[in-house]
Amino acid sequence: MKYTTSVLKEKIFSWIAEPQGKVRLICLLFSVLLGFAAILMIIASVASGSVCGLIASLVAAPLLVLLPFYFYHFFRTMLQGVADKKARRRERARQAEEYDNLPFRRTFRGMAFYLTGFILAVTMLMGALSKSYDIFFELALIAPMMYLMYRGYRWIFVFAALWWTFEKGLQLYVAPNGTSVASIFVWWAVVTYVYFQAAKVETARAKLPGVPRKPWLKDFGLSLGAFVLLSALLYGLIY
């Protein structure tokens with residue numbers, strides 16, 4: 001437990017230390033503002049007596065504080081390869097060859113994992129604030145999906161892209177105005193891009209000689225079991 005805590009602290013501090021100069025000050029400013037917003041959400045949840053809202057706020061609070069630092073690295077890495085096909089290809093090849101040596105957050109697989117976690121946190125928070133608790137069933141799908149992303153199965157990133165397209169398509173269907181449509185399209189494009197880049201890295205890695213096979217049957221069984229268990233627990237808590 002102590003080792004896990006020290007590793008987590010090291011990763012968090014490495015995120016915070018990465019931006020330098022004015023960019024660091026801007027990240028710190030947004031981190032403070034989002035931390036203040038997180039405190040207000042916790043207070044509002046306590047005042048309203050919403051247990052689900054309190055849990056969602058407590059989960060979202062540290063994510064909101066770290067969010068500016070993560071997105072600094074995320075967009076810096078993304079923008080380097082979006083407009084340059086050769087740069088993307090080189091980066092995917094590098095990630096495939098140095099798969100076990102690169103920091104997780106510096107890979108497309110890590111980006112996909114953290115982005116999906118952010119989507120989950122925001123979804124749960126919005127559901128708690130609007131008291132639409134049915135939306136919490138997203139947890140039963142997204143949590144096993146994140147586990148399989150962490151394990152690095154290429155098909156899960158394709159599945160995630162299809163799931164995200166369905167989510168954004170449904171949101172687009174009920175979008176009230178043009179501004180919402182624009183933001184929906186941007187988020188769809190950003191997240192889908194990361195999912196497909198992660199899938200391509202896994203495809204490139206699978207072609208390398210001597211790459212060990214993943215225990216897909218065990219991992220899929222664990223994910224399916226988690227999906228069933230979480231669905232049952234959420235059904236009992238909500239209804």
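The lining of the second largest pocket in this predicted model divides into 11 nonpolar, 3 polar and 3 charged residues.

Where does the lining come from? Three helices each supply at least two residues: α5 (108-129), α7 (154-173) and α8 (178-206). Helix α7 gives the largest share, with 7 residues.

Follow α7 to its contact with α6. Two packed helices are described by the angle between their axes and the distance between the axes. For α6 and α7, the axes come within 9 Å and cross at roughly 150°. Angles over 145 degrees count as roughly antiparallel, so α6 is roughly antiparallel to α7. Their crossing is left-handed. On the α6 side, the contact uses Glu 138, Leu 141, Ile 142, Met 145, Leu 148 and Met 149. On the α7 side, the partners are Trp 155, Ile 156, Phe 157, Phe 159, Ala 160, Trp 163 and Glu 167. By class, this contact has 11 nonpolar residues, no polar ones and 2 charged ones.

Now turn to α9. The axes of α6 (residues 138-151) and α9 (residues 216-238) come within 8 Å and cross at roughly 160°. That angle makes α6 roughly antiparallel to α9 as well. The crossing of α6 and α9 is right-handed, whereas that of α6 and α7 is left-handed. From α6, the contact takes Leu 139, Ala 140, Leu 141, Ala 143, Pro 144, Tyr 147, Leu 148 and Arg 151. From α9, it takes Asp 219, Phe 220, Leu 222, Ser 223, Ala 226, Phe 227, Leu 230, Ser 231 and Leu 234. By class, the contact has 13 nonpolar, 2 polar and 2 charged residues.

About 40 Å³ of space lies in the largest cavity. Its lining is made up of Gln 95, Tyr 99, Thr 107, Phe 108, Arg 109 and Val 201. By class, these divide into 3 nonpolar, 2 polar and 1 charged. Phe 108 and Arg 109 of this lining fall in α5 (108-129), and Val 201 falls in α8 (178-206).

Definitions and conventions:
Residues are numbered from 1 along each chain as its sequence is written. This is a predicted model: local features need pLDDT of at least 70, side-chain atom pairs count only at pLDDT 80 or more; totals for chains, interfaces and linings use all residues. Side-chain values use heavy atoms; hydrogens and water are left out. Helices (H or I, at least four residues) and strands (E, at least two) are DSSP runs, numbered from the N terminus. Ala, Val, Leu, Ile, Met, Phe, Trp, Tyr, Cys and Pro count as nonpolar, Asp, Glu, Lys and Arg as charged, and the others, Gly among them, as polar. Axes are lines fitted to C-alpha atoms, for helices over the stretch in contact, and angles run from 0 to 180 degrees between N-to-C directions. Angles under 35 degrees count as roughly parallel, over 145 as roughly antiparallel, 65 to 115 as roughly perpendicular and the rest as oblique. A crossing is left-handed if the near helix is turned anticlockwise from the far one by less than a right angle, and right-handed if clockwise. Contact means heavy atoms within 4.5 Å. On a 1 Å grid over the protein atoms alone, a cavity is a set of points where a 1.4 Å probe fits but cannot get out, and a pocket is an open set with protein on both sides within 12 Å along at least five of seven lines; lining residues have an atom within 4 Å of a point. Grid points are joined across faces, edges and corners, and a volume is the space filled by probe spheres set on the points.
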